[in-house]
Amino acid sequence: MKRIQALNRHTAPKSVMPEKIIQFGEGNFLRAFVDWIIWNMDAKTNFNGSVVVVQPIERGMVDWLNGQDCLYHVNLQGRMNGEPVNTLERIDVISRALNPYSQNAAFMALAEQPEIRFVISNTTEAGIAFDDSCKFNDKPANSYPGKLVQLLYRRFKTFNGDPTKGLIIMPCELIFLNGHHLKECIYQYIELWKEDLGSDYESFKQWFTKYNYVCTTLVDRIVPGFPRKEIAEIQQKIGYKDDLVVQGEIFHLWVIEKPENMSIEALREEFPAEDAGLHVLIAESEKPYHERKVTLLNGPHTVLSPVAFLSGVDIVRDACNHEVIGKYIHKVQFEELMETLNLPMDELRRFAGDVLERFNNPYVDHQVTSIMLNSFPKFQARDLPGVKAYLERKGKLPEGLVFGLAAIITYYKGGKRADGTDIIPNDDPKIMNLLHDLWATGDTQQVTDGVLGAEFIWGEDLHKVNGLAALVKEYLDLIQEKGMLEAVKKIIN
């Protein structure tokens, strides 16, 4: 047995670099994604920067981080180029971690450090929000955008509005157009605190607008977090008692939309992640990549889950490798959904291939039932646009996607699977009650008409989609008659 020692700067080497990044958030995702990316940039480019972590809420993990001198390991697992990958790397880019509620002076002093250039955040989807109860003199403001404005104003005053001391702000919260929402909140706080800013109001607002750069971003890496089951084995392997190990998949993607007032080239030069060989794209627009992810990752997930479960397959990986369901997934992804997007086909094929490797992760037993929560809203957001786009482009309906809708409707019938496993759908009570009442009729025509006509689900009457009602009923009847697996065989053939 290897001797296990404490993990800190005295027992493990730690780099010392200028603090260039303020990071709001200390959770698993940022540490396994952003900080891992910065660590790679430092190793492979001349970036030479460290991260100061700011705890965005009063209770958090900064004491744990500081207890290990902000050292921790990232365990990445998955498939790369078809081969299983399982890595362990010690990350040392976080210089220190602050709690602005108990260390407000140290937090605000960050604004006075000339080398600081970036602000990165992940404060959950609820974090980018305007709270008009925040006061300019709060120590600190309760909301993340409020804290950011306090910091920006201190920086503006410290450097007398120096154009070179603006910040590049890259939110990683999982909301579409996160940068646009954050920028809107910042302006709301500037207006709310107009009287407190006094004669600086106009010049501060102008300085923020011209010399600060807010990017919209898309982040993509599954991060399960602390590996409770394997932690003893991991600590024995690394030789350290690391209580902050974070586990994530090997795949990563960060799309950063260039801000209005900065060129792609300038942002790439300041943030050289692409030069480090990382899957970080600095692009004109994040939107097509958002659509690609929702369509080619989330879209197949939504329809494969009921098809797999009702065929007796419980794990996403097993569904990918199933001789029948695997072909169904390929059909939906490569023959249908891919045809609805507006990016180069070779790029889409590569991404779709990456998605299948992620589905086929040998280290994660991803239950298909965990994907089934709220399936109707998911289909509406992820797959219905593809149904319409395919019909418009090809002049016919995508059979695999429509079959997936029929599978969802069948799953919401409840009851038991052929092997006796309970079928337990979970959705908005209004949707659950509707499906219960429709299936109670025993008439697939009524089921079809009731579901497609439910405008509270779809925002429209889907009977208007040419041919959809007839095909949904046909597939419902096929599933009722043959069972799910035999019905899938007919679809893929």
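**Helix packing and strand pairing in a predicted model**

Good morning. Helix α17 passes helix α22 in a right-handed crossing.

Helix α17 covers residues 399-411 and helix α22 covers residues 484-492; their axes come within 11 Å and cross at roughly 165 degrees. Angles over 145 degrees count as roughly antiparallel, so α17 is roughly antiparallel to α22. Which residues of α17 meet α22? They are Glu 399, Gly 400, Phe 403 and Ala 407, and in α22 they meet Met 484, Ala 487, Val 488 and Ile 491.

I turn now to the strands. Six of them form an open sheet in the order β6-β3-β2-β7-β8-β9, with parallel pairing. Strands β6 (94-98) and β9 (213-214) stand at the edges; each has a single partner strand, so one side of each is left without a neighbour in the sheet. Within the sheet, β2 (residues 19-24) pairs with β7 (residues 118-121) in the parallel sense over four bridges. Ile 22 has Val 119 in β7 as its bridge partner. Helix α6, residues 178-192, lies across β8 (168-171) and β9, and runs at about 120 degrees to β8.

Finally, consider strands β13 (residues 253-257) and β14 (residues 280-283), which run parallel and are joined by four bridges. Between them, the chain crosses from β13 through helix α10 (residues 264-270) to β14, and this β-α-β crossover is right-handed. One of the residues involved in the pairing is Val 255, whose bridge partner in β14 is Leu 281.

Thank you for your attention.

Technical notes
Residues numbered from 1 in each chain as written. Predicted model: local features only at pLDDT ≥ 70, side-chain atom pairs only at ≥ 80, totals over all residues. Heavy atoms only, no water. Pairing = 2+ DSSP bridges. Helix = DSSP H or I, 4+ residues; strand = E, 2+ residues; numbered from the N terminus. Right-handed = clockwise from strand over helix to strand, strands pointing away. Contact = heavy atoms within 4.5 Å. Axes fitted to C-alpha atoms, helices over the stretch in contact; angles between N-to-C directions. Parallel < 35°, antiparallel > 145°, perpendicular 65-115°, else oblique. Left-handed = near helix turned anticlockwise from the far one by under 90°.
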